[in-house]
There are 2 protein chains.
Amino acid sequence: MNFKRKGIMLVIASPSGAGKTSITRKLLACDNNLSMSVSLTTRPMRKGEIDGIDYHFRSIDEFNQMRDDGELLEWAKVHDNYYATPKAQVDEMIKNGKDVVFDIDYQGTQQLYEQCRSDMVTIFILPPSIKELHSRLKGRALDSDEVIARRLKNAKIEIDHWAEYDFVLVNDDLEKTIAKTTKILEVARLSRIRQTNLSGFIKQLQNEIDEL
Amino acid sequence: MNFKRKGIMLVIASPSGAGKTSITRKLLACDNNLSMSVSLTTRPMRKGEIDGIDYHFRSIDEFNQMRDDGELLEWAKVHDNYYATPKAQVDEMIKNGKDVVFDIDYQGTQQLYEQCRSDMVTIFILPPSIKELHSRLKGRALDSDEVIARRLKNAKIEIDHWAEYDFVLVNDDLEKTIAKTTKILEVARLSRIRQTNLSGFIKQLQNEIDEL
């Protein structure tokens, strides 16, 4: 028997290179009830990007207005551009039992905690070692040595916030980490605090007892 | 990669006849790390019962002494006899990463919450309907009509406390309910608050970054 429930705000965070993208991609591919949160950004649209799919592209004025009106759940400035999570779309999905996954760092997570703690489940993914992380970053051949050095420096800061997450998983086996993440999501869906019409069912049972 | 962790105090509660015993028995049979909490009782030992296995059989004086010394996690009086959970054995198991399942009612659960909330995971099992519950109780042929009527009256009181549990599962399919319960236990084992040496691993990662 399944009851109506609220959706889950699933945060998967990790230092760059620890496997977050692979895990999130797999979850999204296997789970029809889960979708990626679409961020708002003030940076220019790149070729091939679609407004509302890749990002909600907005002007700085629009961003400022939304922030001042409390319409953003979290925001951050990265290299002169703003990134944010619009509140309305997330609220709507959670209310309708749709689960949303967020790709945000510890500062974004902290901002979400302030407004939505009981809707959130947060997972921090660690690499098995920095040697392994370093070789994954080099193996991707995406970044210069300088960028990799900056990523490792950021990794240290991110890792320092491990204790703010509900789960900390060491990704030494991608398939196992995906399986664990899937189970965490499944169990979060069963949680009593997310059920929205259990009390009606309880009343029905109690009436049945009275009528015996 | 697995870390040392604290054990879990797993409470599975339900009105009589909703399937708790079948679920608990199956979990215990399939999971070597899980064992049943052995209660203390002041009632006389019955033929075939073994002290320390079925119950810890104690005199009323011994019970009173333990209760006054704070050595009991919870206790209840049922038909002139006392039943209780000794604190020392549970503490030892939790410390050593062993999970313990408790067969207690909402009042026992409330007492455990006062002392051990963060170690606990609590599941309340509901029948799909009272008609179903009634027919299960009659089908067992264990109880007189009078006893069944009392069990149903008690069921109403137990059910009234549904909102005090972490999970509320409707047992309309025993295998599915067992699978859900198993997953809840597996995910509880992954929870960050139960890991006891993650901070050491984090320090190791951060040292590795510093040494690069």
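This is a predicted model: local features need pLDDT of at least 70, side-chain atom pairs count only at pLDDT 80 or more; totals for chains, interfaces and linings use all residues.
Me: Which scores does the model as a whole get?
Reply: It has ipTM 0.93 and pTM 0.94.

Me: How do you know which residues of chain A are in contact with chain B, and how many are there?
Reply: Contact means C-beta atoms, placed from the backbone, within 7 Å. By that test, 34 residues of chain A are in contact with 34 residues of chain B. On the chain A side, α5 (130-140), α6 (145-159), β9 (167-170), α7 (174-190) and α8 (198-211) each supply at least two residues. Helices are DSSP runs (H or I, at least four residues), strands likewise (E, at least two), numbered from the N terminus.

Me: By class, what does the side of chain A that touches chain B have?
Reply: It has 20 nonpolar, five polar and nine charged residues. Ala, Val, Leu, Ile, Met, Phe, Trp, Tyr, Cys and Pro count as nonpolar; Asp, Glu, Lys and Arg as charged; the others, Gly among them, as polar.

Me: Why is A:Asp80 called exposed?
Reply: A:Asp80 has 8 other C-beta atoms within 10 Å. Exposed means 12 or fewer within that distance, buried 20 or more, and partly exposed in between, with C-beta atoms placed from the backbone. So A:Asp80 is exposed. A:Asp80 is found in the loop between β5 (72-78) and β6 (81-86) of chain A. Its phi is positive, about 70°, although A:Asp80 is not a glycine.

Me: What makes B:Asp80 buried or exposed?
Reply: B:Asp80 has 8 other C-beta atoms within 10 Å, so it is exposed. B:Asp80 lies in the loop between β5 (72-78) and β6 (81-86) of chain B.

Me: How do you know that β1 and β8 of chain B pair, and over how many bridges?
Reply: Pairing needs at least two bridges found by DSSP. Strand β1 (residues 9-13) and strand β8 (residues 120-126) of chain B have five, in the parallel sense. B:Ile12 stands opposite B:Ile123 in β8(B). B:Val11 stands opposite B:Thr122 there. β8(B) and β9(B) pair in the parallel sense over four bridges.

Me: What makes β2 and β9 of chain B the edge strands?
Reply: The open sheet of five strands runs β2-β7-β1-β8-β9 (chain B). β2 (34-36) and β9 (167-170) each pair on one side only.

Me: Why is β8(B) largely enclosed by the rest of the structure?
Reply: Six of its seven residues are buried, so the rest of the structure largely encloses β8(B).

Me: What makes a nonpolar core, and how many residues has the largest?
Reply: A nonpolar core joins buried Ala, Val, Leu, Ile, Met, Phe, Trp, Tyr and Cys residues through C-beta atoms within 7 Å. The largest has 82 residues. Those with the most contacts inside it include A:Leu126 and B:Val11.

Notes. Residues are numbered from 1 along each chain as its sequence is written. Chains are lettered from A and ligands numbered from 1 in the order in which they are written. Two residues are in contact if their C-beta atoms, placed from the backbone, lie within 7 Å.
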